[in-house]
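Please walk me through this structure.

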Amino acid sequence: MKILLSSKRFLPTLGGSVNYAIMLAGAFRRKGADVIIMTRTPGSDEPVPNCQVVRCPTVKRRFELAAWADLIFQVEASWQDVWPFIVLGVPWFPTIHCGKIHSSSLTRNFAQLGLSVAYRLGKTIPVGDQVAKDWSVRNAPIHNPYDDLVFYEPDAETERMIDLLFVGRLEASKGIFVLIEALKQIGPGLKKIPVCCFVGDGSDDARLKKAITEFGPSVEFKYLGRLSPEAVAEQMRSSKILVFPTTPEWIEASPLTPLEALACGCRIIAADSGGTRENIGPDGVLVTSGDVSALANAILQMLNEPTARDMGSIRSFLADRTLDKTAAKYLKRFSDSIL
């Protein structure tokens, strides 16, 4: 099977949909498929193992790729990228990786209308139950996977030195400043000074560094910047709690970070945004998105009163979300539709 995997965003851009594209491209290849990745993101020095990446292709090149491919698997629908494939009758499998935001913006509403039409014309695959509901797509979802070769539990004797971990884009909409404000509230109620670690980069990087510098001695901060997936996993295995505090300005589809942290044995505290609840496991804690006090209370309780975990139920939850199992579901969906 020859798969053209199309993703508007790709390395060096960070994001869950980028990681998803890289993971599935590799898994498809391990299962015998030929895969080419097509993206509008300009060049990067970061290699994608054993996979050709075509960046910013011309129309002529897109037609050449369409003539080669058995199908186009598109990470989020894009009319600009897909139309040569439609012209040549290549089966089109767009995925849904974004929540539907109700807005007064005509531009945003027009863009969402274009997505709605695409999701009805393509052989659409939602990555979770919530996005399928939001976009009124009846096709069964294939829930987002995690790479169990990278994200796994540490040895039992491993000491978790980081109390609170944030991993993701360093942007206000991802809740980094909600977390900072929550830490201001909980300081006096903690039994010891907590260690809070930030991993990632983004447009509010400098603002976050300033907030950390000015915070004071009640929290010990670590700022690690952007890390490889393997290094992120090491931080997760060294952390007690993954905090995922998305604000109402961003709607999560099916975020990978809580799933990966859960696989590394972290407890999860997350904002109840979009499909996040589908990826926090049986003992994750949800708080109202953007609510500083609710987040502070959840962190305070989890740090001061850690409870026993039913690891059997957590492992059972994760068992169906491994990368190779998920890739097999996609390949079966493709085969059932095009053969």
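Y330 counts as buried, at 0% relative accessibility. Buried means under 20% relative accessible area, exposed means over 50%, and partly exposed lies in between (1.4 Å probe, protein chains only). F73 is likewise buried, at 0% relative accessibility. This is a predicted model: local features need pLDDT of at least 70, side-chain atom pairs count only at pLDDT 80 or more, and totals for chains, interfaces and linings use all residues. Residues are numbered from 1 along each chain as its sequence is written, and side-chain values use heavy atoms, without hydrogens and water.

Now take the aromatic rings. A search of the whole structure finds 15 aromatic pairs. Rings of Phe, Tyr and Trp (its six-membered ring) pair if their centres lie within 6.5 Å; planes under 30 degrees apart count as stacked, over 60 as edge-to-face and the rest as tilted. The centres of the F63 and W83 rings are 5.5 Å apart and their planes stand at 80°, so this pair is edge-to-face. F63 sits in helix α2 (residues 59-68) and W83 in helix α3, 20 residues apart. Helices (H or I, at least four residues) and strands (E, at least two) are DSSP runs, numbered from the N terminus. F63 is partly exposed at 27% relative accessibility. W83 is partly exposed too, at 37%.

F73 and Y330 also make an edge-to-face pair, because their ring centres are 5.2 Å apart and their planes are at 65°. F73 lies in strand β4 and Y330 in helix α12 (residues 323-338), so the pair ties together parts 257 residues apart in sequence. Both rings belong to one aromatic cluster, formed by Y20, F28, F73, F93, Y330 and F334.

Six strands form an open sheet in the order β3-β2-β1-β4-β5-β6, with parallel pairing. Two strands pair if DSSP finds at least two bridges between them. The edge strands, β3 (52-55) and β6 (125-126), each pair on one side only. Strand β1 (residues 2-7) and strand β4 (residues 71-75) share five bridges in the parallel sense. L4 has I72 as its bridge partner in β4.

Two charges sit over rings (NZ of Lys or CZ of Arg within 6 Å of the ring centre and within 35 degrees of the ring normal). R207 lies over the face of F177, 3.8 Å from the ring centre. The charged end of R237 sits over the ring of Y152, 4.0 Å from its centre.
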